[in-house]
Amino acid sequence: MDFRGVKGYFSWIYYQYQIISCCAVLEPWEQSMFNTILLTIFAMVVYTAYVFIPIHIRLAWEFFSKICGLHSTIYN
């Protein structure tokens with residue numbers, strides 16, 4: 001496995017992230033604040049999706065199964 005190639009690829013991805021998000025022009029403390037806020041928002045979105053999407057899928061399944069005439073044998 002070529003670790004230099006993998007390291008170079010991730011450095012290129014990080015450089016692209018800095019250019020797209022304009023982090024390259026920020027000072028180091030501003031970069032860390034920006035990255036912390038972005039990571040916090042991303043973690044909250046992932047957690048919310050993990051908690052609430054299965055509930056919404058189950059409710060949608062029950063709703064459409066009642067409309068289509070399919071009756072679920074699982075009751076909560």
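Q: Let's start with the overall picture. How many helices and strands does the protein chain have?

A: Welcome! The secondary structure of the protein chain comes to 2 helices and 0 strands. Helix α1 covers residues 3-20, and helix α2 covers residues 28-68. Please keep in mind that this is a predicted model.

Q: How far does α1 reach from its first C-alpha to its last?

A: Here you set the span beside the expected one. The 18 residues of α1 reach 26 Å, close to the 26 Å expected at 1.5 Å a residue.

Q: How much of the protein chain counts as buried?

A: Of the 76 residues, 5% count as buried. The protein chain exposes about 7200 Å², and carbon and sulfur atoms supply 74% of that area.

Q: Is glutamine 18 buried or exposed, and why?

A: For this step you need the cut-off: buried means under 20% relative accessible area. Glutamine 18 has 14% relative accessibility, so glutamine 18 counts as buried. Glutamine 18 sits in helix α1. Once its neighbours within four places in sequence are left aside, glutamine 18 is in contact with Cys23, Ala24 and Gln31.

Q: And which residues does glutamine 31 contact?

A: Let's look from the other helix. Glutamine 31 belongs to helix α2. With neighbours within four places in sequence again left out, glutamine 31 is in contact with Gln18, Cys23, Ala24 and Leu26. Glutamine 31 counts as buried because its relative accessibility is 19%.

Q: Now for the rings. How is a pair of aromatic rings described?

A: A pair of aromatic rings is described by two values, the distance of the centres and the angle of the planes. In this model the count comes to 4 aromatic pairs. One of them joins tyrosine 14 and tyrosine 17: the centres are 6.0 Å apart and the planes are at 40 degrees, which makes the pair tilted. Both tyrosines lie in helix α1, 3 residues apart, about one turn of the helix. Tyrosine 14 is partly exposed, with a relative accessible area of 42%. Tyrosine 17 is also partly exposed, with a relative accessible area of 25%.

Q: Which residues do ring pairs link into a cluster?

A: The cluster is made up of Tyr9, Phe10 and Trp12.

Q: How many salt bridges does a search of the whole structure find?

A: The search finds 1 salt bridge. Arginine 58 forms this kind of bridge with glutamate 62, and their closest N and O atoms are 3.0 Å apart. Both residues lie in helix α2, 4 residues apart, about one turn of the helix. Glutamate 62, at 26% relative accessibility, counts as partly exposed.

Q: Last one: which residues form a nonpolar patch on the surface?

A: Look for Trp29, Met33, Ile37, Ile41, Met44 and Val45. Together these residues have about 640 Å² of accessible area. Take isoleucine 37 as an example: this residue lies in helix α2. Isoleucine 37 counts as partly exposed because its relative accessibility is 48%.

Conventions:
Residues numbered from 1 in each chain as written. Predicted model: local features only at pLDDT ≥ 70, side-chain atom pairs only at ≥ 80, totals over all residues. Heavy atoms only, no water. Buried < 20%, exposed > 50% of the residue type's maximum accessible area, 1.4 Å probe, protein only. Contact = heavy atoms within 4.5 Å. Phe/Tyr/Trp six-rings, centres within 6.5 Å; stacked < 30°, edge-to-face > 60°. Expected span 1.5 Å × (residues − 1). Patch = residues over 30% accessible without salt bridge, like charges linked within 9 Å, V, L, I, M, F, W, Y side chains within 5 Å. Areas by Shrake-Rupley, 256 points an atom, 1.4 Å probe, with all protein chains shown as cover. Salt bridge = Lys/Arg side-chain N within 4 Å of Asp/Glu carboxyl O.
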